[in-house]
Amino acid sequence: MERSDPVEHGAGGERPHARLEHAVDGGIATVVISNPAKRNAMTAAMWRSLPGLLERLAADPAVRVLVLTGAGDTFCAGADISSLRDPAEDPQALAVAAEEALAAFPLPTLAAVRGYCVGGGSQLAAACDLRFAEEGASFGVTPAKLGIVYPASSTRRLVALTGPSAAKHLLFSGELIDARRALRTGLADEVLPAGGLDERVEEYTRVLASRSLLTQAAAKEFAAGREDRDAYWKEQARGSGDTAEGVAAFLERRAPRFTWTTGDAAAAGDAGSAGGAATGG
């Protein structure tokens, strides 16, 4: 891999091996939830660090797709309750902030799920654009087991994926469902045979990395319900060269070389702000 950086979390009495790891290879950023002693449960420090890590990866011009997964044979068993004993800490606020940062990530995101995807783990998976699961995976939304009120934003996201009835089943009962049922309800997008998840994720993310990020970024915004940016994205397309490149590549029967990045959009926004300031706008 091009680079790999563990983010250690040993402060405050938390286990030093509870950490987020990340690597970038061929345009694919992989973030690994690693807390093997607790089935990859998220500690308070891990929740706190995820938004900053995502911000750095979003700003990296080498990154075109993000994969979230768990170390070993488990995705994430939720929050590590033992690390959330500080009465001044709001565990739910930490989880929601991380979930919202993941949902707002400007590039395509995919959760690669094996084993348990429960509680806070299911929140993170639901915040990704897509979820691929391996046979044997188990999904569960479990606040009813702890007497916790599930956040409104997380509930709406779950309902958008599964529909109201399936979301209520998961929330009311706290029962786990298998990968095949998750596929039927919309909580999973693909289910792979045992041992086939990594190969499929690698194949699919390479495809995503080869496609127009301009198309993907605009589609992600529109799919999230934003309706006021048609003119903005038309302007981005006009100045990007991606459309001309895509058409030329099709006619020449070759792979396109798309060049637009989210950095181009940020630069255009900065230029527009500077121009407005210069003209008193």
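Close-up 1. Leu146 sits in the loop that runs between strand E8 (138-140) and helix H4 (152-162); helices (H or I, at least four residues) and strands (E, at least two) are DSSP runs numbered from the N terminus. With a relative accessible area of 59%, Leu146 is exposed; the scale here is buried under 20%, exposed over 50% and partly exposed in between (1.4 Å probe, protein chains only).

A word on the model: it is predicted, so local features need pLDDT of at least 70 and side-chain atom pairs count only at pLDDT 80 or more, while totals for chains, interfaces and linings use all residues. Residues are numbered from 1 along each chain as its sequence is written, and side-chain values use heavy atoms, leaving out hydrogens and water.

**Close-up 2. Asp80 and Lys38 meet through their side chains in a salt bridge, at 3.1 Å from N to O.** Salt bridge here means a side-chain nitrogen of Lys or Arg within 4 Å of a carboxyl oxygen of Asp or Glu, and the structure holds 17 of them. This pair links distant parts of the chain, 42 residues apart: Asp80 is in the loop between strand E4 (65-70) and helix H2 (91-103), and Lys38 is in the loop between strand E3 (28-34) and helix H1 (44-59). Asp80 is buried at 4% relative accessibility, whereas Lys38, at 26%, is partly exposed.

**Close-up 3. Arg114 and Asp198 make a salt bridge of 3.0 Å, N to O.** Arg114 is in the loop between strands E5 (109-113) and E6 (116-118) and Asp198 is in helix H7 (residues 197-210), so the pair ties together parts 84 residues apart in sequence. Arg114 counts as buried, with 14% relative accessibility.

**Close-up 4. Glu190 and Arg200 form a salt bridge at 2.8 Å, N to O.** Glu190 belongs to strand E10 (residues 190-192) and Arg200 to helix H7, 10 residues apart. Glu190 is partly exposed, at 22% relative accessible area.

**Close-up 5. Strand E4 is mostly covered, with 6 of its 6 residues buried.** Val65, Val67 and Thr69 point one way, Leu66, Leu68 and Gly70 the other. E4 pairs with E3 in the parallel sense over 6 bridges; pairing takes at least two DSSP bridges between two strands. Val67 of E4 is the bridge partner of Thr30. E4 also runs parallel to E5, joined by 4 bridges, and Thr69 stands opposite Ala112 in E5.

**Close-up 6. Cys76 and Cys117 do not form a disulfide.** A disulfide would take two cysteine sulfur atoms within 2.5 Å, and a search of the whole structure finds 0. Cys76 is buried at 0% relative accessibility, and Cys117 is buried with a relative accessible area of 0%.
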